[in-house]
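Here is a short briefing on one structure. Look it over first, then read the notes on its metal site and pockets.

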Amino acid sequence: MAKETAKELKERLLSKKKNAILRMDDSEVKECDKFCEGYKRFLDVAKTEREAAAEIVRMAKAHGFVEFSAKNRYKAGDKVYSLNREKSVILAVIGKQPIENGVNLVAAHIDSPRLDMKQNPVYEKDEVAYFKTHYYGGIKKYQWPTVPLSLHGVVIRADGSKVTVNIGEDENDPVFCVSDLLPHLADSQYKRPSNQLIKGEELNIMIGSRPFRDDEGSDLVKLNIMLILNEKYGIVEDDLISAELEAVPAFKAKDVGFDRSLVGAYGQDDRVCAYTELMAVLGLKDPDRTAVAILTDKEETGSDGNTGLRSAYLRYFIADLASTFGVKGRDVLRKSRCLSADVNAAFDPTFPDVFEKRNSALLNGGVCVTKYTGSRGKSGTSDASAEFVGEVRRLLDANGVIWQTGELGKVDIGGGGTVAAYIANLDVDTIDVGVPVISMHAPFEITAKADVWAAFRAFEAFVNN
Ligand code: MN
Ligand code: MN
């Protein structure tokens, strides 16, 4: 046998990375771009966890999903959903295999970093009215002033009735804004440490400036705003104590670049994985194993609370679902596997120093498989087993999914976690799979359409397996 040349050996032995676009034919690129039109629409209508949950339930119902009840009996092909306190959703499509063989879980989060209103938010200072805010999730605070903001959420009135607020999204709506200093007067601001360039208590949202005209007294601008809120929503100041109002960037999702290859939008962490897993599960027809899609809240604050994945709601759902087949939840979980569908940092050519390029996800490199997350010595990770990584690798390759691997930056530079550990802690084989993002947690985050498409293809392959 002739000796192999170096070229032949390289071809056989060394790994190759190739831009996703060069691995897709024209019709697939077209399909990918079309898919991302639906994705952008979803981003625009689902800017908060409540709006995302409502939209997911609406889409699920349109695809034949009905509300889950532990009192019912289910058969292969049945589609159910369970809404947890209007902020988290679980969808399931019953498979042909017995449920004790385990389920295929995909889990994304639908909360994103934002500015929450405090409980006593309204005040007037020097004849300008403001909302006080408390930021939610890990934001670079200096990125949030001078960005047009919309206001979303609910207010519970004294009598218990609920008002839904969504203002700033319609083209004719007003928007809101946090101010910043002009550069001419920013000398001392520039001397602050950069994480205090804008302080938490400076994230005050301007909500008005015209005083009530028909009388005299103090705080007439605030009074005028409360009058407008009262006329529009039937609320008084004390009602804001029992409210969840969230300010998010008011702009819509857009194509980015002359070639329209990228999506720019608020909240792509993690609605990019939420949408792609949702579409994969909505498209399911008679799966072999039962598929369960989790769309959870509170990931950005550490997954605590009764709508986050550290709570028991997922475990209880699986137990209830198992009980309808006369099976124990823990017997289902033990045999289950999960793709924890969350974004990872995309290598940013402008800031290469924080990345170890060989182990970073690239834009247009496909969906990113992350064996472990965490920080320092893998603190806070679940670290998927080699066997499970091997299983996922075979699955993706067998289905022609374009994928890559990536860690979150260099060792000891920083780090981060996802919900993977909380699902793995339930005795489930779990691994992180998601879309690389540029400018993660900024008001305007960027993803590559080819990677969004690859994520959908990955989740589709997984739930159909
Ligand atoms: Mn995330
Ligand atoms: Mn995040």
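This is a predicted model: local features need pLDDT of at least 70, side-chain atom pairs count only at pLDDT 80 or more; totals for chains, interfaces and linings use all residues.

Residues are numbered from 1 along each chain as its sequence is written, ligands are numbered from 1 in the order in which they are written, and side-chain values use heavy atoms, without hydrogens and water.

**Metal site**
- Donors are N, O and S atoms within 2.8 Å of the metal (3.2 Å for Na, K and Ca); water is not among the atoms, so sites may look incomplete.
- D269 bridges this ion and the manganese ion (ligand 2), 3.4 Å apart.
- H109 sits in strand β4 and D269 in helix α7, so the pair ties together parts 160 residues apart in sequence.
- Helices (H or I, at least four residues) and strands (E, at least two) are DSSP runs, numbered from the N terminus.

**Largest pocket**
- Its volume is about 1,200 Å³.
- Of its 42 lining residues, the closest to the centre are A345, L408, G415, M440 and H441.
- A pocket is an open set of points on a 1 Å grid over the protein atoms alone, where a 1.4 Å probe fits, with protein on both sides within 12 Å along at least five of seven lines; lining residues have an atom within 4 Å of a point.
- A volume is the space filled by probe spheres set on the points.
- β21 gives the most to this lining, with 3 residues.

**Second largest pocket**
- Its volume is about 590 Å³.
- S15, K16, K17, W403 and Q404 lie nearest its centre, among 17 lining residues.
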